[in-house]
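Hi there,

Here is the structure I promised to pass on. Have a look at it first, and my notes follow below.

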Amino acid sequence: MFTRPSRRGVVRSAVALASLAAASALALTGCAPGGSAPAASSSVDVSTTLTKDKVELTIADETGFPVTEKLADEFTKQHPNITFKINRDTFANLTANAPKLLASDTPPDLIRLPTIGDTVKDGLLANLDPYSEAYGWDAWSESQLAPLRVDADGIRGKGSLYQLGLGYSVTGIYMNLKLAKQLGIDAPPATLGELEDDFATAKAAGVLPIMAGDKDGVVNFVIQAAMNQYGDKAEMSDWIFNKPGATYDTKGNVQGAELIRSWADAGYFPSDINAIDYASFVSRFQGGEGLFTFNGNWAAADTQAKMGDDVDFFLVPPVKAGGDHVAMGAANSFSVAAKSKHLNEIVYFLNWIHTDEAARQIVVDVTGAAPGGDPSQALPTVPAGSLLEDALKMSAQIGAENGQVDFMSNATAGIYAGAIIPESQLLVTSKITGQDFVDAVQDFYTKELAG
């Protein structure tokens, strides 16, 4: 266990993981929200008892996502009659080909599906509501399940359940403790203002304040983090979920985007930010470049391995000290094909991932993400004082404060490449204002939803 720096006059929460998880349960459990949705195009008698027959389950997953293989191996170890075939493709190809795969005569039983699109309307996904009732998923955190729901009008966030996660992400800020010590910064910032003070301190000393990259748009981690602190998370969620009348052009979003423009003006980002992709900004931060970087819990284990004790991970601080936290987070979402010939078996597998101790441990060890499921269930064991422990505490805290918001890049199928990437590249190089950024993204969103 390594020693953390003392906090800046603010006692960091010493609440145990179990207590945070229990708070999550009290704050977030309850029945699923109302709303109708298309019925699954396949019907089967729901059973929570695993078959004794030999069954091969097929999973369509993206490349570079080894957790499915690890989980499948463990499941087969516990249930030798169930084996798996995992087919992998690039993220872009899998997303584009998902409707075709799901509509085929031999669809995968389970498929990685980050964007639901028209798959529910077209009857391609199994409605998981009957299984939710049978397995008692109403005890799970609703803030994690809400983005996985779709109603009859295609609006996410309510209606029936069509996906579950193989791990649930949360975003925050990593801080290089070695640089912080050199700069006289003895604790993570407790407010957004203190964070900006730390940026200024670093800049004045010739240290890069924020390591970030925007070649592939991932500076949206920073942009949305700023928006989340000023805006209404319900308004942002409504917009991401395509609720009629929802708009991106809110006071909070403009204020957050203007803050990013001011950080660009102050030179807090790398001068070559638009030439830096995700992998590069991660490796450059891990190599000692930059006081802070904005990223997710999925990077915790690797960052710890690269930086050892010289790194901390914490939630983006609120505007006012003591305020609730808001963070982007989403499930590593998977859907069951409505035409699957093994509905009971594949859903049993999904439930097992959320409830079995070995499976939950695999999710944390391999991905760094929270395992989801019933918040009152004991969390997996991680090294004391590690970034993984920080990440699990952060997930539990966001759950307890009901502060999770989906990624704005998930609002529509085309908005990330069509608007967020090009407009953010202009924003972080001081070529447009925050209002310009918000206007451009909203304009693209409106046109895309209109067809």
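A contact here means heavy atoms within 4.5 Å. With that in hand, two words on the ground rules. This is a predicted model, where local features need pLDDT of at least 70 and side-chain atom pairs count only at pLDDT 80 or more, while totals for chains, interfaces and linings use all residues. Residues are numbered from 1 along each chain as its sequence is written, and side-chain values use heavy atoms, with hydrogens and water left out.

First, the overall picture. The protein has 17 helices and 12 strands, taken as DSSP runs numbered from the N terminus (H or I, at least four residues, for helices; E, at least two, for strands). Its radius of gyration is 22 Å, close to the 22 Å from the globule rule for 451 residues, so the protein is as compact as a globular protein of that length. That radius is taken over C-alpha atoms, and the rule is 2.2 Å times the number of residues to the power 0.38. Along the principal axes, the C-alpha atoms fill a box of roughly 65 × 50 × 35 Å.

Of the 451 residues, 55% are buried (under 20% relative accessible area; exposed is over 50%, partly exposed in between, with a 1.4 Å probe and protein chains only). Among contacts between residues at least 6 apart in sequence, 79% join residues at least 24 apart.

The residue I would show you is Gln 163, in the loop between strand 5 (160–161) and strand 6 (164–168). Gln 163 is buried, with a relative accessible area of 2%. Which residues does Gln 163 touch, not counting those up to four places away in sequence? They are Leu 113, Ile 116, Leu 128, Leu 148, Ser 333, Phe 334 and Ser 335. A polar atom of the Gln 163 side chain lies 2.6 Å from the backbone oxygen of Leu 113. The Gln 163 side chain also makes a polar contact with the side chain of Ser 335, at 3.2 Å (a pair of N or O atoms within 3.5 Å, where within protein one must be able to donate a hydrogen and the other to accept it, and residues adjacent in sequence count only if both atoms are side-chain atoms).

Two backbone angles are also for your list. Asn 402, in the loop between helix 15 (387–400) and strand 12 (404–405), has a positive phi of about 50 degrees although it is not a glycine. Ser 430 is not a glycine either, and its phi is positive at about 60 degrees; Ser 430 lies in the loop between helix 16 (415–427) and helix 17 (434–449).

Best wishes
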